[in-house]
Amino acid sequence: MRRSSLPRKDTLDHLTRLYSASDDPWDHRTSAYEAGKYAATLAAIGPGPFREALEIGCGNGTLARQLALRCTRLTVMDCIPAALQAARQVLAPLAQVTVIEGAAPQDLPRLDPDLVVLSEVLYFLTPDEIADLGRWLRDHATGPVIAVNWTGPTDEALDGASAVALLAEALGPGTTDHHEGFRVDRFDLPG
Ligand SMILES: C[S@@+](CC[C@H](N)C(=O)[O-])C[C@H]1O[C@@H](n2cnc3c(N)ncnc32)[C@H](O)[C@@H]1O
């Protein structure tokens, strides 16, 4: 049974505070570590093209800008307006991209994606929310679900490994690539 129909207020407050100080709170645009992580993420995703891709928790759109080149259509969502403002700006030239405001799993769009990217977002969700997201993925998604997670401690209740383990309870086992400081998990959902 879900405890709440809304994302946790403390998580939203924490994210809002981060984005009020900077529209790039994790240095996605400039950090060599993030650039390496994006390269590993795109390698796990493969070349595509994907008919209908979805990135949940797109932040300021840095990864989405690269991902879009492999997608016929890409929908990206985030729950923080300041992040979306930055994402809309960088993604505006890419006609295949739609940017929507919302929190997963509560506001997931009406799509049947053939690629879902969850990059550094799962540990912001509660266990119940990850279970609901997993059910939605089983019902709506086909093809790869790619989960990228920092392997150190987080400021949230979950860390990356426990968040992925909860997703695997819903989706079944995936494959894991371990990198310095992060992991990339791939779940292949049947068509
Ligand atoms: C660390 S950033 C990662 C951004 C991007 N995916 C990347 O890897 O570069 C996590 C983003 O997820 C968003 N987020 C957290 N919980 C979310 C939720 N339940 N639904 C949608 N977005 C969420 C945050 O606002 C933040 O922008």
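User: Let's start with handedness: which way do helix 5 and helix 6 cross, right-handed or left-handed?

Analyst: General idea: a crossing is left-handed if the near helix is turned anticlockwise from the far one by less than a right angle, and right-handed if clockwise. Here, in this predicted model, the crossing of helix 5 and helix 6 is right-handed. Helices (H or I, at least four residues) and strands (E, at least two) are DSSP runs, numbered from the N terminus.

User: At roughly what angle do the axes of helix 5 and helix 6 cross?

Analyst: Axes are lines fitted to C-alpha atoms, for helices over the stretch in contact, and angles run from 0 to 180 degrees between N-to-C directions. For helix 5 (residues 127–140) and helix 6 (residues 160–171), the axes cross at roughly 40° and come within 8 Å. That makes helix 5 oblique to helix 6; angles under 35 degrees count as roughly parallel, over 145 as roughly antiparallel, 65 to 115 as roughly perpendicular and the rest as oblique.

User: Which residues make the contact?

Analyst: Contact means heavy atoms within 4.5 Å. Helix 5 brings Pro127, Ile130, Gly134, Arg135, Leu137 and Arg138, while helix 6 brings Ala163, Leu166, Leu167, Ala170 and Leu171. By class, that's eight nonpolar, one polar and two charged residues (Ala, Val, Leu, Ile, Met, Phe, Trp, Tyr, Cys and Pro count as nonpolar, Asp, Glu, Lys and Arg as charged, and the others, Gly among them, as polar).

User: How many salt bridges are there?

Analyst: The rule wants a side-chain nitrogen of Lys or Arg within 4 Å of a carboxyl oxygen of Asp or Glu. The count comes to eight. One of them pairs Asp13 with Lys9, 2.6 Å from N to O. Asp13 and Lys9 are four residues apart in helix 1 (residues 9–21), so about one helical turn separates them.

User: Where are the cis peptide bonds to look at?

Analyst: Check omega. From Gly48 to Pro49 the bond is cis, with omega near 0°, and Pro49 sits in the loop between helix 2 (32–45) and strand 1 (53–56). Ala104 and Pro105 are also joined by a cis bond, omega about 5°.

User: What is the pLDDT like?

Analyst: pLDDT is the predictor's confidence in each residue, from 0 to 100. The protein's mean is 95, and 96% of its residues reach 70 or more. Over residues 1–5, pLDDT stays under 50. Where pLDDT is low, the predicted coordinates should not be read in detail.

User: What ground rules apply?

Analyst: Residues are numbered from 1 along each chain as its sequence is written, and side-chain values use heavy atoms, leaving out hydrogens and water. Local features need pLDDT of at least 70, side-chain atom pairs count only at pLDDT 80 or more, and totals for chains, interfaces and linings use all residues.
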